[in-house]
Every structure is written in structure tokens, then in C-alpha cells.
Amino acid sequence: MAVLLLANIDLEEWFAQLTAELKKRKAGLDLRIWPESGKLDEIEIVLAWWPPLGVMQKLPNLKLIISLGASVDRILVDPDLPKHIPIVRLLSEGKTQQIAEYVTLAVLLFQRRFIEYQALHRSRRWEYLPVPEAKEFTVGILGLGVFGSTVAKKLAAMGFSVRGWSRSPKAMAGVECFHGREQFKLFLSTCRAIVCLLPVTPETEGILCHETFSALPTGAYLINVGRGKHLVEADLLSALDSGQIAWACLDVFHQEPLPNDDPFWSHPRIIVTPHIAAVGNPKELAARIVDTIDCSREGRPLENAIDRNRGY
């Protein structure tokens, strides 16, 4: 049995650590790295990270696809993807903690007005800016899965007023929950900041758009750590120019890496980070990959297997 790491590798050091950990934890593992694939009929498992299109259909004995990311949209976009192969996504405590840290930092930067203080610093202006209390700064979480529910609980524990919105009804202590399209605008109506942690599906693609921004209080903040496809980029630029959105913190984009001439780079009220909200710990992920491989070989249930119809 061979395992193929199928990726457009732009994190060479991180992938080197991951492969070293995999070989350490599973002696004799036949791990191959695309495009040095060897005989394609020997490959039974793919570790996918933004995989090149059309490759997996060439693997006649493929039995399992493991997504190295929290989402599988970059896998499902392949029109030739074999339909009968199970896909598992790797969720870990480390990734969840990293997402929570990233979002908490962004929320605090906006709520405590550190971004504006940075501008005052550059202008050498000693000036006090009024800051709302956490309980008066409502944060809306779009998506209450593993990541979203963790972020919501942590912000609520810090004293923030937290709202959550999901596809189906949820109940969480300390979080006001909404669901479905019929409750979406009501959910948005008092949010001083919104955080997108949704999966990409036909229903959620383009959800961060003019209609959504207009339903928020004037001067709201946007934090997107979901996917670039959630955001209608032109609508965000318009909302920033009008003042409907005060600031945006973006970690994901339609095209990655973000092109040098993209207007997001130079916009004075956009924070750009290079898809690093949850990179994951190679040691922890290697342990989960090995366990998933063993489950597959032994016929045991696969944890975090996705439903292709739902897209997550």
C-alpha cells in the first residue's frame, strides 16, 4: 500500500515536518510526494492539500482521500473526482485552538480599537478613543460546527455578547442561536462584528455580500476565516468605501496566493493574512493521519467522513 501526498506545496518546511512525523509514527510507510508518484496502481490513500485536478481519477486502487485542510471544497471542485471514494477531513484540537486564537485576536483588535490607535501612533497623536464594553460588542458567528462553536464559547466566556447562525437549529449556553435563511437578517441586526466559519456549499457561496453587509449596523467589522468563495469581493470594497463596514480581517481569498495587484493589499482598512488561521501541528496531524489509515485498512468507521451532498 502506498500513500500519496498530493498537493500544490507552498509550505515546504511544514510539509517536511509532516512527512518526517508520518515516517516516524508508521515504520515502513510507503509515502510518495506528487509528482514523484511511482506506479499509480499501488496508491491506495491520498493526502490532499489543494490537489491538482484530474490526478485522483488516474489512481485505479484508490480507497481513501484524507483532506489535510479543515475544508474539502478544493477537493470536491475536481469534476473527475471518483464518486465512490470516502473523503475524511482532519479536525484536531490544535487547529481548533489556532482558529480560536486568531478570531479572538481580531475581535479584540477591533473592539479595543487597536487598529485606530496604531494610526494615532504613526501620527504621534496622544488621543483617547472610547471603547465599548465586551457585553455591548455583539459578535456574530456564521457557522456553529467544531470551529464556530468553540470560538463562540470562548468569546462568550470573555464577556462578549455572542450570536450564532447555522443551517439547522443549535442550542449553546451563553450564545443566542439563529438558523436558516428566515432568521439570517435578524441574526445580523445587532452584530458589531461577524466571523465567517462556514463550509463552502451552494447555499453559502457568496454569503458575504451587499445584502448581508446592509443588514449589519453601520460601521460593523468582518472577519473571514471560512473560504474566499464566501466573499463577494467587490461588495466588500463598496461597503468599506461607504463606511457600512469599518474594517475587514481576511485570511482566505478567491485566488491564493493573493496576486500582487489585488486591491486588498493596499486598502487602508483591510488586514490581510496568508491563510494561516489554522495551519495545524504536524505532530498532531500525523497521529490522526496514521489512525485514519489504520481505521481504513481494518474496516473500522472513519471519523469526520464528509457527506458529499452537503459538501462537509
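Predicted model: local features only at pLDDT ≥ 70, side-chain atom pairs only at ≥ 80, totals over all residues.
**Sheet, pocket and a few backbone details**

Numbering starts from 1 along each chain as its sequence is written, and side-chain values use heavy atoms, with hydrogens and water left out.

Staying with β4, the strand covers residues 64-67. Strands here are DSSP runs of E with at least two residues, helices are runs of H or I with at least four, and numbering goes from the N terminus. Leu64 and Ile66 point one way from β4, and Ile65 and Ser67 point the other way. In a regular strand the side chains alternate between the two faces of the sheet. All four of these β4 residues are buried, meaning under 20% relative accessible area with a 1.4 Å probe on protein chains only; over 50% is exposed, and partly exposed is in between.

What does β4 pair with? On one side there is β3, residues 43-49, joined in the parallel sense over four bridges. Pairing requires at least two DSSP bridges between the strands. In that pair, valine 46 is opposite isoleucine 65, and leucine 47 is opposite isoleucine 66. β5, residues 87-89, runs parallel to β4, with three bridges between them.

The whole sheet is open, with five strands in the order β2-β1-β3-β4-β5 and parallel pairing. β2 (30-33) and β5 are the edge strands, each with a single partner, so one side of each has no neighbour in the sheet. From one strand to the next the twist averages 25°. Angles run from 0 to 180 degrees between N-to-C directions of axes fitted to C-alpha atoms, for helices over the stretch in contact.

Which helices lie across these strands? Helix α1, residues 12-25, lies across β1 (2-7), β2 and β3, at about 165° to β2. Helix α10, residues 282-298, lies across β1, β3, β4 and β5, at about 160° to β4. Contact is heavy atoms within 4.5 Å.

Next, the largest pocket, which holds about 980 Å³ of space. Its lining has 49 residues, and the closest to the centre are Arg89, Leu197, Leu198, Pro199 and Tyr312. A pocket is an open set of points on a 1 Å grid over the protein atoms alone, where a 1.4 Å probe fits, with protein on both sides within 12 Å along at least five of seven lines; lining residues have an atom within 4 Å of a point. Elements giving at least two lining residues each include β3, α3 (93-111) and β7 (162-166). By class, the lining has 23 nonpolar, 15 polar and 11 charged residues.

Last, the backbone. Tryptophan 34 and proline 35 are joined by a cis peptide bond, omega about 10°, and proline 35 is in the loop between β2 and β3. Another cis bond joins glutamate 256 and proline 257, omega about -5°; proline 257 lies between β11 (245-250) and α9 (263-266). Histidine 275 is not a glycine, yet has a positive phi of about 55°, and at 23% relative accessibility counts as partly exposed. Asparagine 304, in the segment after α10, has a positive phi of about 65° and is partly exposed at 27%.

Definitions and conventions:
Points joined across faces, edges and corners; volume = space filled by probe spheres on them. Nonpolar A, V, L, I, M, F, W, Y, C, P; charged D, E, K, R; others polar.
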